[in-house]
Amino acid sequence: MDARTTALSALIACRTQAAWSDGILKEYIARDMLDGRDAAFASRLCYGVLQNRMLLDYYLAQKVKGELKKLQPVVLDILRLGVYQIVFCDRVPVSAAVNEAVEQTKRYANRAAAGLVNGVLHALVRDKDALRQPDDLATRYSHPQPLVDLLAGTLPDGQLEPFLAANNTPAPTCLQVNPLRASVDEICAAMEENGVSYVPHPWLAGAFLVSGTGSLEKLPIFREGKVYVQDAAAHLAVAVSGVQPGMLVLDCCAAPGGKSFAAAMQMENKGEIIACDIHAHKTAIIEKGAERLGIGIIRAMQMDAREEKKDFLGRFDTVIADVPCSGFGVIRKKPDIRYKDLAPMEKLPQIQRAILENVCRYVAPGGVLLYSTCTVLRRENEDVARAFLQAHPEFSPETVDLPQQLRLENDGMLTMLPQLHESDGFFICKLRRHV
């Protein structure tokens with residue numbers, strides 16, 4: 001199987017099965033046994049089309065007679081793939097992009113449609129430099145207008161367009177060193193030996209931004225549990241929580257386990273962490289990850305964070321509540337999030353409040369409640385935290401010490417942005433219980 005066909009298969013699955021692009025790409029790349037180079041190309045094509053779908057359609061509408069919605073859906077998928085290569089992939093021969101699109105159309109649609117694809121793509125090649133460009137941010141950056149409006153009402157002044165642009169750039173892989181199993185020097189030597197390109201993270205010690213890894217699972221340092229993947233912002237949330245060796249910690253929405261793993265390492269694998277998820281099958285994922293990393297203090301269990309567990313009341317030194325959210329801070333990694341229906345997301349603050357209302361009772365006097373999300377929306381972040389604080393005077397926000405390079409002042413609440421902080425969009429709120 002070639003990279004273009006894998007990318008097309010993933011796009012079809014995203015459209016017909018509501019599959020998430022990151023998960024389905026990983027599955028299809030393994031299924032089609034692509035090598036590292038083809039896997040990277042397939043990923044670029046799939047993500048590129050999703051990141052620029054509205055803009056690609058804007059270009060196509062200038063060359064297709066009639067409305068795009070009247071085309072067979074798979075033909076539109078193929079046309080988008082072709083246009084993306086023609087406009088955005090300078091190193092891809094135009095002839096290869098057009099010819100493969102025509103062949104795909106013959107296989108997935110019919111010969112008549114193949115003629116249309118051939119004509120449209122050749123017209124785009126011919127007039128590439130004369131294509132009209134959109135004036136509106138929504139089309140230019142392929143974020144639906146209702147989402148642009150929502151973000152405009154929540155992002156700091158001057159950050160809307162940079163945020164939209166950042167969402168269409170490749171997200172680097174952030175690799176964290178596992179200090180229980182390796183040193184930073186050992187990992188650097190191993191990456192050089194395996195041809196992995198890396199740079200130290202600009203503000204997070206023991207972390208690297210890497211490329212050229214191919215399949216991470218095939219790297220010896222990954223298989224041996226010496227490194228793990230975690231975004232810098234998520235790691236920072238655990239770091240500022242102040243967990244220490246010997247503590248009792250609850251991670252109440254833990255899957256796939258990254259924050260529990262980071263906490264265990266910060267605790268030097270001493271103490272106890274109870275890592276919970278509402279889905280039973282995800283607890284197995286946490287256990288498998290902990291085993292690979294050589295962590296023995298994590299106990300995974302199924303639990304709905306909104307339902308009281310009496311034997312947890314007042315027990316924990318730290319409770320980490322990384323709650324379900326809209327995910328608008330990770331659009332770089334999951335480009336299809338931008339196209340999801342906004343209406344169901346309006347209920348998320350209620351769910352987030354319900355979780356906080358329940359798990360806050362598990363925090364011992366003097367302990368910490370760490371609230372976090374991977375979204376940038378104020379209604380899910382500061383608004384939820386402030387409403388909680390108003391109802392719970394026994395808690396107060398606690399200013400956290402941050403790496404100087406971040407240049408982020410905070411009052412116990414802070415929001416990271418991808419275009420500013422070399423991280424996901426992420427909210428962190430540290431609350432201390434006094435009584």
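**Aromatic rings, charges and cysteines**

Tyrosine 84 and phenylalanine 88 both lie in helix 5 (residues 73-88), 4 residues apart, which is about one turn of the helix; helices here are DSSP runs of H or I with at least four residues, strands are runs of E with at least two, and both are numbered from the N terminus. The model is predicted, so local features need pLDDT of at least 70 and side-chain atom pairs count only at pLDDT 80 or more, while totals for chains, interfaces and linings use all residues. Residues are numbered from 1 along each chain as its sequence is written, and side-chain values use heavy atoms, with hydrogens and water left out.

**Aromatic pairs**

- Rings of Phe, Tyr and Trp (its six-membered ring) pair if their centres lie within 6.5 Å, and planes under 30 degrees apart count as stacked, over 60 degrees as edge-to-face and the rest as tilted; by this rule the count comes to 7 aromatic pairs.
- One of these pairs joins tyrosine 84 and phenylalanine 88, which are stacked at 5.1 Å centre to centre with 20 degrees between the planes.
- Tyrosine 84 is buried, with a relative accessible area of 6%, whereas phenylalanine 88 is partly exposed at 29%; buried means under 20% relative accessible area, exposed over 50% and partly exposed in between, for a 1.4 Å probe and protein chains only.
- Tyrosine 198 and phenylalanine 208 form an edge-to-face pair, with 5.4 Å centre to centre and 90 degrees between the planes.
- This pair links distant parts of the chain, since tyrosine 198 belongs to strand 2 (residues 197-200) and phenylalanine 208 to strand 3 (residues 207-211), 10 residues apart.
- Tyrosine 198 counts as partly exposed at 22% relative accessibility, while phenylalanine 208 is buried, with a relative accessible area of 5%.
- Ring pairs also link Phe312, Phe316 and Tyr362 into a cluster.

**Charges over rings**

- A charge sits over a ring if NZ of Lys or CZ of Arg is within 6 Å of the ring centre and within 35 degrees of the ring normal; arginine 292 lies over the face of phenylalanine 222 in this sense, at 3.9 Å from the ring centre.
- Lysine 340 lies over the face of tryptophan 20, at 4.5 Å from the ring centre.

**Cysteines**

- The structure holds 0 disulfides, a disulfide being a pair of cysteine sulfur atoms within 2.5 Å.
- Cysteine 325 is in no disulfide, and the nearest cysteine sulfur, that of cysteine 374, is 3.5 Å away, which is too far for a bond.
- Cysteine 374 counts as partly exposed, at 23% relative accessibility.
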